[in-house]
Amino acid sequence: MSTSRRGRLFAALVVPATLLLLGSTAQAATFSPEADPVAAINADIAQHNHELGSQIRRVEGDKSTPDTQQAAQQPQPAQAVPNQVLATVAGMDVASYQGNVDWASWWNQGKRFVWTKATESTSYTNPYFAQQYNGSYNQGFIRGAYHFATPNTSSGAAQAQYFVAHGGGWSADGKTLPGALDMEYNPYGATCYGLSKAGMTSWILDFHDTYHALTGRYPVIYTSTSWWSSCVSGDFSSTAPLWVARYASSVGTLPYNWGYYTVWQYTSSPLDQDTFNGAYDRLQALANG
């Protein structure tokens, strides 16, 4: 074959290949995540899920120490539940980061209740949920599930439905806690997910009412006082038990209109640890509804 003929053949092969690459680039640009922000957020959630309190620690910090942890496990008279004996019950919460949990070990350390992450948005489920949720139950724990909310990706109703469909339901077996709605700082940007206080209140109410319609229970609401004050204007104190996050020796000021807390997350070291505000029989009463 002559040199000139080889050159013409090479050019004939290269040009279509170049066009194919350009076409692929153009097609990729058409489906770029930037063209669909919701899809981009959901794709990120699928890759980087967030555990309860992760964004509160990121923004507010965890200032807990062995001394504050010990103090947090004592009854807090200023935040006592009316007409109940001053007491606490030790608990914890877990997510996929803990993997398969040694429930016997935590039981032997005195923990008696746990909430396990089930879902986030409408695209993520915890791959370790079955081991964590059922394993704790089999060990004797009173257990529940929680949902990490992303109010800018879908409605409260849609996320409540997804949560219930993927482990977040409730059963009257005496050992299952109502599902918890995790409301905290946006891991992707604007603190309040781009919603006004009224808009955020409406979103939470949508989840709250849908969860109640599906399960017969109102969700526990997990949050920090600072985030709630910045992002929410509504009052859920008459229906939703409060699970407050504060990593200090006292629970401090509570979010709007809650007169007392039900659960307090007081540290993330060596994992998220919580106290129930009351005696064990009151924890059983929360499970029983």
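The model is predicted, with local features requiring pLDDT of at least 70 and side-chain atom pairs counted only at pLDDT 80 or more, while totals for chains, interfaces and linings use all residues. Residues are numbered from 1 along each chain as its sequence is written, and side-chain values use heavy atoms, with hydrogens and water left out. The chain has ten helices and nine strands; these are DSSP runs numbered from the N terminus, helices being H or I of at least four residues and strands being E of at least two.

**Overall fold**

- Of the 289 residues in the chain, 48% are buried, meaning under 20% relative accessible area with a 1.4 Å probe and protein chains only.
- Among contacts (heavy atoms within 4.5 Å) between residues at least 6 apart in sequence, 69% join residues at least 24 apart.

- The largest pocket has a volume of about 490 Å³. Its lining comprises 21 residues, of which Gln84, Pro241, Tyr260, Thr262 and Leu286 are the closest to its centre.
- A pocket is an open set of points on a 1 Å grid over the protein atoms alone, with protein on both sides within 12 Å along at least five of seven lines; lining residues have an atom within 4 Å of a point. Grid points are joined across faces, edges and corners, and a volume is the space filled by probe spheres set on the points.
- Strand S9 (273-277) and helix H10 (280-288) each supply at least two residues of the lining of the largest pocket, and H10 gives the most, with three residues.
- By class, the lining of the largest pocket has ten nonpolar, nine polar and two charged residues. Here Ala, Val, Leu, Ile, Met, Phe, Trp, Tyr, Cys and Pro count as nonpolar, Asp, Glu, Lys and Arg as charged, and the others, Gly among them, as polar.
- The second largest pocket holds about 200 Å³ of space. Its lining includes Glu60, Lys63, Arg246 and Tyr247, and divides into four nonpolar, five polar and three charged residues.

**Cavity**

- One cavity of 30 Å³ or more is counted, a cavity being a set of grid points where a 1.4 Å probe fits but cannot get out.
- The largest cavity has a volume of about 40 Å³. Among the residues lining this cavity are Pro75, Gln84, Leu86 and Asn277; by class, the lining has six nonpolar, three polar and no charged residues.

**Helix H7**

- Helix H7 (residues 156-168) spans only 14 Å between its end C-alpha atoms, whereas a straight helix of 13 residues would span 18 Å at 1.5 Å a residue. The expected span is 1.5 Å times one less than the number of residues.
- The buried residues of H7 include Gly156, Ala157, Tyr162 and Phe163. Their cover includes strand S4 (142-148) and helix H8 (197-215).

- Gln55 lies in helix H3 (residues 54-60) and counts as buried because its relative accessibility is 6%.
- The side chain of Gln55 makes polar contacts with the side chains of Ser54 (3.0 Å) and Arg58 (2.5 Å). A polar contact is a pair of N or O atoms within 3.5 Å; within protein, one must be able to donate a hydrogen and the other to accept it, and residues adjacent in sequence count only if both atoms are side-chain atoms.
- Val94, in strand S1 (residues 88-94), counts as buried because its relative accessibility is 2%.
- Val94 and Thr116 are 22 residues apart in sequence and 5.0 Å apart in space, C-alpha to C-alpha.

Methods. Buried means under 20% relative accessible area, exposed over 50%, partly exposed in between (1.4 Å probe, protein chains only).
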